[in-house]
Amino acid sequence: MAENKRPASMERITTPALAQAFIREQIAALRAQIGDRRVLLALSGGVDSSVVAALLIKAVGKQLTCVHVNHGLLRKGEPEQVIEVFRNQMNANLIYVDAVDRFLDKLAGVSDPETKRKIIGAEFIRVFEEEARKLEGIDFLAQGTIYPDILESDGVKAHHNVGGLPEDLQFELVEPVKFLYKDEVRVVGKELGLPDNMVYRQPFPGPGLGVRCVGAITRDRLEALRESDAILREEFAKNGLAGKVWQYFTIVPDFKSTGIKDGKRTFEWFVVIRAVNSVDATSATVEEIPYPLLHHITKRITSEVKGVNRVLYDLSPKPVATIEWE
Ligand code: XMP
């Protein structure tokens, strides 16, 4: 489709000045498209939807309504940051939906990875649909589609996809960054004033921590996962690895082993650390984390995270392993 092809004349956005010019053009284009009507956006807090939100706030302000669905599988501090940045700092219309119990109840006892993904995706559409129905007079749906989404999957964005909405909720699409590559989206995000940890965020799967709480998700193991991931991220940031390593996170499988704490025998989970480098996620190599840092992170996780007595480092490249464990 011609309208889904990046114009040959379009310059790569590599500098703040080019990003500013893009922002000016997009604001004018968004105002022309939307006029005085209303737009809805599913705002995950990832870089693509955050950049779309920031552009729309500049272009049409309160005519934009953002919906942030907390499915309980986000990393520590993420929902709070979305509220802080978009509602408090940018003064956006933001609907925060606490759907944690809904998602975790649906996922209880489900251990098959693809079934877990399907439940999370379907429930997300349902929650978003309910919110959309409560609003009146929405004409447009904004999406953080970027150019690789169009090239790879005919424009179907798997991880932000609200395309599964029913017939009577089909809105006209607003996709201001659909011709941008990820690095360009980041340059634009920086110029829009978004915080660095949002702009330079590592890839994070749509099903979130759900695919890292391996096996059937329980609230206590999910908590151990979220806390260990927060410690890993904090230590990577402190030690200059956050901007250097492509993707890093922890995994907590549904498996226990013995240990000793305070002179008593324990039977608790282990945390796996994964830290990989990649260009496009089709292959990946393992980051060589210095041993003293691995020891320090292990000590912190085993003493600060409830229910954990062991930490392992995954040395498997992709292939043969995948990046995620599910
Ligand atoms: P794998 O595990 O297949 O992951 O080596 C490659 C990249 O894709 C991310 N990933 C996902 N992203 N929904 C997503 O939006 C998913 O279901 C999903 N599974 C994996 C993964 O984090 C890595 O960056």
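**Close-up views of a predicted model**

**View 1. Where H1 meets H2.** Phe22, Ile23, Gln26, Ile27, Leu30, Arg31 and Ile34 of H1 touch Leu55, Leu56, Lys58, Ala59 and Val60 of H2 (contact means heavy atoms within 4.5 Å). Sorted by class, that contact has nine nonpolar, one polar and two charged residues; Ala, Val, Leu, Ile, Met, Phe, Trp, Tyr, Cys and Pro count as nonpolar, Asp, Glu, Lys and Arg as charged, and the others, Gly among them, as polar. H1 spans residues 16-34 and H2 residues 47-60, and the two pack at about 65° with their axes 9 Å apart. Axes are lines fitted to C-alpha atoms, for helices over the stretch in contact, with angles running from 0 to 180 degrees between N-to-C directions. Helices (H or I, at least four residues) and strands (E, at least two) are DSSP runs, numbered from the N terminus.

**View 2. The buried face of H4.** In H4 (residues 100-107), Phe103, Leu104 and Leu107 are buried, that is, under 20% relative accessible area with a 1.4 Å probe, protein chains only. Down the axis of H4, its buried residues fall within an arc of 90°, so they line one face of the helix; the arc is that of the directions from the helix axis to the C-beta atoms. Their cover includes strand E2 (64-70), helix H5 (113-134) and helix H9 (219-238). After H4 comes glycine 109, with a positive phi near 80°.

**Notes.** This is a predicted model: local features need pLDDT of at least 70, side-chain atom pairs count only at pLDDT 80 or more, and totals for chains, interfaces and linings use all residues. Residues are numbered from 1 along each chain as its sequence is written, and side-chain values use heavy atoms, leaving out hydrogens and water.

Methods: Buried means under 20% relative accessible area, exposed over 50%, partly exposed in between (1.4 Å probe, protein chains only).
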